[in-house]
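Here is a briefing on one protein chain, written for use beside its sequence and model. Please keep both open while reading.

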Amino acid sequence: MDREWNDSQPIYRQLRDRVVAMILESVLGEGDPLPSVRNIAAEYRVNPLTVLKGYQQLVAEQLVESRRGLGMFINAGARDLLLKSERQRFLTEQWPPIHETIQRLGLSAEDLLKTRPGRRR
């Protein structure tokens, strides 16, 4: 996880987003434990309550479960659930402006497919 926090959103939300990214990238898999609240708080120099709030969001989203006395663990199916919701969010929030730009510039599917992101023509 990145050690830097930005001011654009609360730290607990950034922590939640980082765990989500780790699940989507298969860094964390089903049944894997999350680092303890105490360890994350100490390592990233944040309040333990902030870490707990981020973890509680993940529990509320049914991505992780708390096992009394053992810690927090990634739920079975968490990655699939995230992929479904992230795909839907992309299609409803990010795709429409991208599609408008493609239409406005008159780009074809061929133009898009032959140009890899990050590569200049």
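**Fold at a glance**

From the N terminus on, the protein chain runs α-α-α-β-β-α-α. That order holds 5 helices and 2 strands. Helices (H or I, at least four residues) and strands (E, at least two) are DSSP runs, numbered from the N terminus. This is a predicted model, in which local features need pLDDT of at least 70, side-chain atom pairs count only at pLDDT 80 or more, and totals for chains, interfaces and linings use all residues. Residues are numbered from 1 along each chain as its sequence is written, and side-chain values use heavy atoms, with hydrogens and water left out.

**Overall dimensions and surface**

- The radius of gyration of the protein chain is 18 Å, whereas a compact globule of 121 residues would have one near 14 Å. The radius is taken over C-alpha atoms, and the globule rule is 2.2 Å times the number of residues to the power 0.38.
- Along the principal axes, the C-alpha atoms fill a box of roughly 60 × 30 × 25 Å.
- Of the 121 residues, 23% count as buried. Buried means under 20% relative accessible area, exposed means over 50%, and partly exposed is in between (1.4 Å probe, protein chains only).
- The accessible surface of the protein chain comes to about 8800 Å². Carbon and sulfur atoms hold 51% of this surface. The areas come from the Shrake-Rupley method with a 1.4 Å probe; for residues, only the protein chains shown count as cover.
- Among contacts between residues at least 6 apart in sequence, 47% join residues at least 24 apart. Contact means heavy atoms within 4.5 Å.

**Charge**

- The protein chain carries 19 positive and 16 negative side chains. Lys and Arg count as positive and Asp and Glu as negative, while His and the chain ends are not counted.
- The centres of the two sets lie 2 Å apart. Each charge is placed at NZ of Lys, CZ of Arg, CG of Asp or CD of Glu.

**Helix H1**

- H1 has 14 residues and reaches 20 Å from its first C-alpha to its last. That is close to the expected 20 Å at 1.5 Å a residue. The expected span is 1.5 Å times one less than the number of residues.
- The buried residues of H1 are Gln14, Leu15, Arg16, Arg18, Val19, Val20, Met22 and Ile23.
- Their cover includes helix H2 (37-44), helix H3 (48-60), strand E2 (71-74) and helix H4 (78-105).
- An α-helix has 3.6 residues a turn, so residues three or four places apart point the same way.
- Gln14 sits in helix H1 (residues 11-24). Gln14 has a relative accessible area of 4%, so it counts as buried. Leaving aside neighbours within four places in sequence, Gln14 is in contact with Trp5, Asn6 and Gln9.
- Arg16 is also in helix H1. Arg16 counts as buried because its relative accessibility is 8%. Beyond neighbours within four places in sequence, Arg16 contacts Gly54, Gln57, Leu58 and Glu61.

- Ile74 belongs to strand E2. Its relative accessible area is 2%, so Ile74 is buried.
- Not counting residues up to four places away in sequence, Ile74 touches Ile23, Leu28, Gly29, Glu30, Gly31, Asp32, Leu34, Leu63 and Val64.
- The C-alpha atoms of Ile74 and Thr101 are 38 Å apart, with the two residues 27 apart along the chain.
- Leu70 lies in the loop between strand E1 (64-67) and E2. Leu70 is exposed because its relative accessibility is 63%.
- Leu70 and Glu43 are 27 residues apart along the chain, and their C-alpha atoms are separated by 20 Å.

**Positive phi angles**

- Most residues other than glycine have a negative phi, and most peptide bonds are trans.
- Arg45 is not a glycine, yet has a positive phi of about 55°. Arg45 is in the loop between H2 and H3. With 77% relative accessibility, Arg45 counts as exposed.
- Gln62 has a positive phi near 60° and is a residue other than glycine. Its place is in the loop between H3 and E1. Gln62 counts as exposed, at 57% relative accessibility.
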